[in-house]
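Please look at the structure first.

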Amino acid sequence: MKEPVLTRRGFVTGALVTAAGVSFTLSLAGCKDRTKLPDDSEPGVELLSWVVIHRDNSVTLRVPQTEIGQGVLTTIPQMLAEELEVDWSTLKSEFYDPAVNATRGNVYVWTAVLSSHSAQTLFEPTQRAGAQVRTMLIRAAAARLKVPEVELEAVKGAIHHKASGKKLSYASVAEAAAKMPIPDPKTVKLKDAADRQLVGKAIPRRDVDAAIHGKITYGIDFELPGMRFAAARQSPTFGGKLRSIDKGSIKDMPGNPKVVEIKGAKVGYNGPVPEGEDPDVWAAPVKMDDAVAVVADSWWQAKTALDALAIDWDAGPHAKFSSAEYLKTLANQARSDAPVVVEAGDARSALANAAKTLSAEYSYPYMDPAPLEPMNCSAYVDGGEVHIWTNSQFPDDAWRIAHSLVGVSPDKAHVHILPAGGGFGRRLQNDFVHQAVQIALACKGTPVKLLLTREECVRKSYYAPITAARFEAGLDGAGNVTVWTCSVASGTSAEQSYGETRFPFQPPNVRFAYKRNPDSPLPFGWMRGVGFTQHLWMNFGFLDELRLLTGRDVPEFYRSLLDPSYIPADIEDRDIAVARVKNHLKLLDFAIQKGRWHAPKGRGRGRGLAVGDTSYYPSYPSSTKAAIVDVSLDEQAGLRVDHVFLAIDAGTVINPDIVHAQLEGGIAYALTTALHSEITVENGQVQQSNFHDYPILKLDRMPAVTIEILPSTEPPASIGEDAVPVTIAALVNAIADAGGPRLRTLPVAKILAS
Amino acid sequence: MLEIEVNGTKHRLDVDPAVPLLWVLRDSLGLKGTKFGCGAGLCGACTVHVDGAAVRSCAYSVGQAAGSKITSIEGLGASSEHPVQAAWREAGVPQCGYCQPGMIMAAAAFLRNNPSPSDEEIAQGVTNICRCGTYNRIRKAIRSAAQSGRGGQ
Ligand code: FES
Ligand code: FES
């Protein structure tokens, strides 16, 4: 293998969206030069970890999140630049460096692409950082010009002194500014909302040109000179072990194939865990099984050799696992074993005294988030250093994996973030990083890119948990709900009891039980909308079943349960709970009016309504949204989703066009989830493998969409996941309204076909 | 030795003719704009034009492509931006962007055959997967490219 020669071309293919790294250098063993990475311009002056000002007065902003399609390469610069006062058209951006984040005490605040959290958590800190930097630049200019700071104004990358007409570019004072004392972030002055120039504007995404010309360098596109390529396959069963490999079976194949054994491991957790908290509540352990990789001169050669490789697996303890059988076990647990987690009033006697009771069992299958770009990661280990190039949604942990696995000090591990072709939660599990580093360790001195096939991605993913739920509720003689109970059992999962307990449609008597099975065979993973996606449609489905017993009208029935007086007087944060119920009422009323709930509908048409938020616990702020879904159901033509109306109150909106796109995309994601998605397991192996048996909604089935964003001056709230749970919930009730079946499990297409 | 013409440039390649065109474009020729999504002809992320027709290059061997004129996203609208790309920008279609090169190639070939399609024809004619769900903007961009009367270029 030749020594790798680093060229700029190797690093910079998409000018806009390159890997992070203006401020540090990469040295590869055997390279005489220390090569700057990746920017062609001089390093520039760094201000407060967030901003780099270059000699040509261009400005680079650090984006502390991986771009996975949610638009952070545009929205975060909008927030930062708002207070920094720079010329938008000359801005550059780069992804943050996880090592910097770690060594500077989490300076980037929130770096995992998780919980639709970026705008919410970064809105204040980015504006304050922008204002701090602006203040430092002004101070430096004041010293240079010998005028008071108040006479100076920052406009488009320069400091102006009106009285004298003098003007200093940011670049000319950047070095002096870097030496200024750092202003207190709490006291820097931020603009009034009405004066904002960038936040709240539908600015086109900064990466749109690169995207439409095929010029974004995603993880899969990254390449270095001298690179070798790996394909890998984990044990086909969960918990299986590698017994032996017949390496001879591929030794004469082209591309110098080399076999690497990858050890199964606990990779880490799939999200950041706040200090002192129980990791098993906040996240889930990420485990991966033994795997075999083949490394070759091209990926196709590696994949072909891997396909030909004779591997002997010990199928392990779950060789007979069947998801259909397991669901029966979970249904039993939901009926009997699940421990009570929340209770109010007296559910038992309320049920005993009810004029009518109703019970029903619901379930949710395993699912794979399935972003379009298959999992991949590039890695290079040599000379006591490790580099990885990844589009992980959790780069901080990718960095930890890199240095701990290679056994070097943290400062010898370098993570270069690249954009991702979608994430939807899948890339929060860093199994592919762990695998790539293990491969690179076996190929020291050679950069290696690991790429998994779609089949491998579907069969060895991290799955939304299989879930069974049992509801029971009671009505009084007047058709009022007096008691609501739900008991849930799921496979391996993060703590997701909020899916049932946080449903705000609660009469005075409630009881919730929840059990999860941490050692069930399939590993858990985050999937867009998480526990709310799994549960909200069940909650609304059963609520609708109850309503049909009463003959009451949908909005009126919903309103009767959104009653603040039902909230127990003695609970903690009662005011937050009351506000939450009121937000639901507000969105309900808005949707009914703007979403034309009462408009006439023809035969075979159905309409469903749902309201929800993604508030995991009382103090967790969330947007609130409502969906109205219209469907037609026809013997011949089957189901058609005709229209989805979605209203959202998400606080201050950073970029309405991006919000619109995210919600529209969320609706499509909801429809795929509800109509098509199901992972089944027989004999320990996932039965699906690609988009023919794990289908994704296509253009022909995409409904017309109307989106309403409510004006607000509150802080920004979640967007990315938010359309998913309410859309599914409204859909299942619309199908029942159209005369279709009551859906108590998914996917819909399979049920309608049976 | 096998000869293919890609974006107007002829290449003589020493490759196994069974290798899918996708991997030759991406890895032998360094044209990374053409994407891998499924490897089984199911998603269209790898769509290119072979003698003007949309082809899913992951399920099309380089041997089959020998002697043909291939256009990848890098060569679409070689001298100036293709009207479909202009319509895409105008409609702000991409989210993650990963499906978009294939989607644009599919749309351009579709419009060449049917310069003023109905919505139903668009729905039936463009069958690529966008996991981010940009479909309504795709539909809008195709309509506007068609209306500009230049989409069929
Ligand atoms: S990668 Fe070729 S169709 Fe999916
Ligand atoms: S934009 Fe992400 S897959 Fe289409």
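Q: Which helices of chain A each supply at least two residues of the lining of the largest cavity?
A: This is a predicted model, in which local features need pLDDT of at least 70, side-chain atom pairs count only at pLDDT 80 or more, and totals for chains, interfaces and linings use all residues. Residues are numbered from 1 along each chain as written, chains are lettered from A in the order written, and side-chain values use heavy atoms, without hydrogens and water. Helices are DSSP runs of H or I with at least four residues, and strands are runs of E with at least two, numbered from the N terminus. In chain A, the helices asked for are H2 (72-84), H4 (118-145) and H18 (656-675).

Q: Which residues lie closest to the centre of the largest cavity?
A: A cavity is a set of points on a 1 Å grid over the protein atoms alone where a 1.4 Å probe fits but cannot get out, and lining residues have an atom within 4 Å of a point. Grid points are joined across faces, edges and corners, and a volume is the space filled by probe spheres set on the points. The largest cavity has a volume of about 570 Å³. Of its 39 lining residues, the closest to the centre are Gln70(A), Ser116(A), Gln662(A), Ile719(A) and Gly720(A).

Q: Which helix gives the largest share of the lining of the second largest cavity?
A: The second largest cavity holds about 60 Å³. Its lining includes Ile220(A), Trp299(A), Trp23(B) and Asp27(B). Strand S22 (448-451) of chain A and helix H1 (21-28) of chain B each supply at least two lining residues. The largest share, three residues, comes from H1(B).

Q: Is Leu111(B) buried or exposed?
A: Leu111(B) is found in helix H4 (residues 100-113) of chain B. Because its relative accessibility is 0%, Leu111(B) counts as buried.

Definitions and conventions. Buried < 20%, exposed > 50% of the residue type's maximum accessible area, 1.4 Å probe, protein only. 1 Å grid on protein atoms, 1.4 Å probe; cavity = no way out; pocket = protein on both sides within 12 Å on 5 of 7 lines; lining within 4 Å.
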